[in-house]
Amino acid sequence: MTTTAHFSTKDRILGAAEELFAQFGFTGTSLRQVTSRADVNIAAVNYHFGSKENLVNEVFRRRMDEMTEQRMGALKTAVERHPGELEPILAAFVEPALALAQDRNGGGAFVRVIARAYAEKNDSLRKFLSDHYGHVLREFAKAIAGAVPNLSKEELYWRLDFLAGSLTYAMADFGLIKRPAGVTEAAHRERAARELIRFAAAGFKS
């Protein structure tokens, strides 16, 4: 029972922090706001996270660990089943991220948190993300290089950077293309993935 209670409290804190970070940013959100939203005291935050910096990191870890596992699994499958093909590699990168964005359990809020990470200069967070998830981009870069060996390393990383930016934009779903009436979120997400993969593949191959 104690373990369940601890998990429930920790999860409430993470959910409240994610919503507040999305709305007010990292510097604009206080721990007092988090505790009020989560209906816990400051001791609970200190017990589970130790500091606001660790809380920020754990908000990202909660979402990105699962997405990383999905991406790396899909990449392994793509390389094994479709050697030398670019599109399956790009699908392994794009599809798990778009699925996360459409997750009804806070996925939309996390996309806004990602946007905050881009907008705010937070060296500690950037180091955390680089240390824990930088290997994902390196593995995808290696796989893409195998599919388009004519690209220099500099060209490869420029284009991978552009892909990541385009993907973030697609995740936010504030572009010109809106989900048409009568089209499910899943179908709209699949269409967005197909179009982005085609666009990115053309860019890498040009």
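Student: Why is Arg-71 said to have no salt bridge?

Tutor: This is a predicted model, and in it the side chain of opposite charge nearest to Arg-71 is Glu-95, 10 Å away. A salt bridge requires a nitrogen and a carboxyl oxygen within 4 Å. Arg-71 is therefore buried without a salt bridge.

Student: Where does Arg-71 lie, and which residues is Arg-71 in contact with, leaving aside neighbours within four places in sequence?

Tutor: Arg-71 belongs to helix α4. Leaving aside neighbours within four places in sequence, its contacts are Ala-92, Phe-93, Pro-96, Ala-97, Val-136, Phe-140 and Leu-167.

Student: What makes Arg-71 count as lying over the face of Phe-93?

Tutor: The distance from the ring centre of Phe-93 is 4.0 Å. The limit is 6 Å, together with a position within 35 degrees of the ring normal. Arg-71 is accordingly placed over the face of that ring.

Student: How do you know that Glu-58 and Arg-61 form a salt bridge?

Tutor: Their side chains meet at 2.9 Å, N to O, and the cut-off is 4 Å; the pair therefore qualifies. Both residues are in helix α4, and because they are 3 residues apart, about one helical turn separates them.

Student: Why is Arg-61 called partly exposed?

Tutor: Its relative accessible area is 26%. Buried would need a value under 20% and exposed a value over 50%, so a value in between is partly exposed.

Student: Which residues form salt bridges with Glu-195?

Tutor: Glu-195 forms one with Arg-191, with the closest N and O atoms 2.9 Å apart, and another with Arg-198 at 3.8 Å. Within helix α9 (residues 185-205), Arg-191 is 4 residues from Glu-195, while Arg-198 is 3 residues from Glu-195.

Student: How many salt bridges are counted in total?

Tutor: The count comes to 12 salt bridges.

Student: Why is the pair of Phe-26 and Phe-60 described as tilted?

Tutor: By this rule there are 6 aromatic pairs. In the pair of Phe-26 and Phe-60, the ring centres are 6.2 Å apart and the planes stand at 45°.

Student: How do you know whether Phe-26 and Phe-60 are buried or exposed?

Tutor: Phe-26 has a relative accessible area of 3%, and Phe-60 is at 2%. Buried means under 20%, so both residues are buried.

Student: Which residues have the most contacts inside the largest nonpolar core?

Tutor: That core has 60 residues, and Phe-60 is one of those with the most contacts inside it, along with Ile-13, Leu-90, Val-94, Ile-144, Leu-163 and Phe-204. Helix α5 (residues 86-101) gives the most to this core, with 11 residues. Among the residues that Leu-90 touches are Ile-144, Leu-163 and Phe-204.

Technical notes: Residues are numbered from 1 along each chain as its sequence is written. This is a predicted model: local features need pLDDT of at least 70, side-chain atom pairs count only at pLDDT 80 or more; totals for chains, interfaces and linings use all residues. Side-chain values use heavy atoms; hydrogens and water are left out. A nonpolar core is a set of buried Ala, Val, Leu, Ile, Met, Phe, Trp, Tyr and Cys residues joined through side-chain atoms within 4.5 Å. Buried means under 20% relative accessible area, exposed over 50%, partly exposed in between (1.4 Å probe, protein chains only). Helices (H or I, at least four residues) and strands (E, at least two) are DSSP runs, numbered from the N terminus. Contact means heavy atoms within 4.5 Å. Rings of Phe, Tyr and Trp (its six-membered ring) pair if their centres lie within 6.5 Å; planes under 30 degrees apart count as stacked, over 60 as edge-to-face and the rest as tilted. Lys and Arg count as positive and Asp and Glu as negative; His and the chain ends are not counted.
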